[in-house]
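I set down here, in order, what I looked up in this structure.

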Amino acid sequence: MEEEKKRQRGVRLCCLCNERRASLKRPKTLEHICRECFYRVFEDEIHDVIISNKLFSPGDRVAIGASGGKDSTVLAYVLSKLNKTYNYGLDLFLLSIDEGITGYRDDSLLTVHRNQIQYGLPLKVISYQDLYGWTMDNIVKMIGLKNNCTFCGVFRRQALDRGAALLKVDKVVTGHNADDIAETVLLNILRGDIARLSRCTSIITGEDAPIPRCKPFKYTYEKEIVIYPFFIIHLLPFFLLLVLAIPSPLYYVCIFQEARLLFHRMHLFSKCISWFCSRVHQGFRENQVWAILDIIKSGENFRISATTKMPEQGTCERCGYISSQKWCKACVLLDGLNRGLPKLGIGRSRGSIDGCKDRNEKNGGKSIESKQCGTLDF
Amino acid sequence: MKLTLEFGGGLELLCDSKKIHNVNVEQQNGEDKLTMKDLLSWVRTNLIKERPEMFMKGDTVRPGVLVLVNDCDWELSGQLSTSLEEKDVVVFISTLHGG
């Protein structure tokens, strides 16, 4: 009866196995594909990326940056599965950052705790309170509801590195997907940020740093990351937005900030770019489906003239974190908070080409060098 | 026509934080046929309590929203012209959120 219903609506067979009915038009390739084949190609492609880019070595201790969101949850699941199936020999951990936002992070941390149990992976939670002595809620009490993302992004990036160091891991993996990287390429081109542009498409960053980071989802489409767990029944839904505590005002900011993240960031620069990106996400014409991968490719092929002055990477005098200034951004921001000068490190840089009022971008200092620890780069 | 609608990935926030809705949709023209296009405008009018632009753009769903009809991508069944039947399950999932 159900099969008849499906046939009436013109559902076709999977183009890969030709046996089962197609459940999905694959966002990456527009193939009509059944569930089982979809899991298989999704996992196989990630396995290929891991192997061909030599992301890991047997015996590596690897921390998975786990926020409880869709990318990191799927990453934890898939990496765990591939590790067993193909014997990567990895020691996997979940590393979560608690920014101290009531009603927001506590929910996603629940998801990470659940992941810990479901996938049998040890979990370490690092909080801003422990690291910096400030929760995001307390920061908001001091600075209001503007520029929060600046603080949060800078602190989170450091927190991830510090957490990884505490866990004594060899590598950190994050769930950045193809859409994220394509966006970052576009944003860096528009900002004229050559330093970041040269780094942002690397699948491994900081190879010479103590703990390199890699992005196994570099070529994985965001839509497919959402579809994958939906079709696996036993994979519990990511980030159930159960409000257990009375949410702080920042909660509402974060929720809609996330939902609007893509279009908000594009809107900052120009309407035509936001139109372009909405097309990328619609992808209703065949040639546009490849736009995401093409953007990444063009970012990879970008070559910087040898005579261009690039910022040098040193270390922060105060905390030893990597920085191209005397003090790293986190120290500058913390200093401002502790001295009751919350505007320190925030504000438009002089002579910058983007005259846009982006409250969520870090624009401290006068030149590219000062944009080291940026919200775009984590 | 009785249908089950599910909202995920944050879309539930637009409908009073309720993920699953068992609804009874009345057809406009008195016919038995109901398409996804009809359903979407019904949802916008009756279920979406705030920020309709996060759910829909024009006649269709906003880019970044996945639609599954009986666990099957609506791209395979004709998107807006997909016809619905009694007891169908329609799922809307937003992909526009952090990872």
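**Entry 1: a strand pair in chain B.** I looked up what stands opposite T4(B) and found N22(B), in strand β2 of chain B. The model is predicted, so I note its limits: local features need pLDDT of at least 70, side-chain atom pairs count only at pLDDT 80 or more, and totals for chains, interfaces and linings use all residues. Residues are numbered from 1 along each chain as its sequence is written, chains are lettered from A and ligands numbered from 1 in the order in which they are written, and side-chain values use heavy atoms, leaving out hydrogens and water.

Strand β1 (residues 2-8) of chain B pairs with β2(B) in the antiparallel sense, over five bridges. Here two strands pair if DSSP finds at least two bridges between them. Helices (H or I, at least four residues) and strands (E, at least two) are DSSP runs, numbered from the N terminus. I then examined the two faces of β2(B), residues 20-24: H21(B) and V23(B) lie on the covered face, while I20(B), N22(B) and N24(B) lie on the uncovered one.

**Entry 2: the sheet.** In chain B, five strands form an open sheet of mixed pairing, in the order β2-β1-β9-β6-β7. Its edge strands are β2 and β7 (72-73) of chain B, each pairing on one side only. I also looked up β6 (residues 65-69) of chain B, which pairs with β7(B) in the antiparallel sense over two bridges. In that pair, L68(B) stands opposite D73(B).

**Entry 3: chain A as a whole.** I recorded 15 helices and ten strands in chain A. Of its 378 residues, 57% count as buried, that is, under 20% relative accessible area, with exposed meaning over 50% and partly exposed in between (1.4 Å probe, protein chains only). Among contacts (heavy atoms within 4.5 Å) between residues of chain A at least 6 apart in sequence, 69% join residues at least 24 apart.

**Entry 4: annotated positions.** The UniProt annotation "binding site", from an unreviewed entry, covers G65(A), A66(A), S67(A), D71(A), I97(A), G175(A) and D180(A). I note that the positions are given in the numbering used here, that feature names are shortened, and that annotations may be inferred rather than shown by experiment.

Is G65(A) buried or exposed? G65(A) counts as buried because its relative accessibility is 14%. G65(A) is found in strand β3 (residues 61-65) of chain A. Apart from neighbours within four places in sequence, G65(A) is in contact with S72(A), L95(A), L160(A) and V173(A).

S67(A) is placed in the loop between β3 and α3 (70-85) of chain A. With a relative accessible area of 22%, S67(A) is partly exposed. The side chain of S67(A) reaches the backbone nitrogen of G69(A) at 3.2 Å.

**Entry 5: a helix and what follows.** I checked the span of helix α7 (residues 148-167) of chain A. The expected span is 1.5 Å times one less than the number of residues; for the 20 residues of α7(A) this should be 28 Å, and the end C-alpha atoms are 28 Å apart, which agrees. Of those 20 residues, 15 are buried, so α7(A) is mostly covered.

K168(A) follows α7(A), in the loop between α7 and β6 (171-173) of chain A. Its phi is positive, near 55 degrees, in a residue other than glycine. Most residues other than glycine have a negative phi. K168(A) counts as exposed, at 64% relative accessibility.

Technical notes. Polar contact = N/O pair within 3.5 Å; in protein donor to acceptor, adjacent residues only side chain to side chain.
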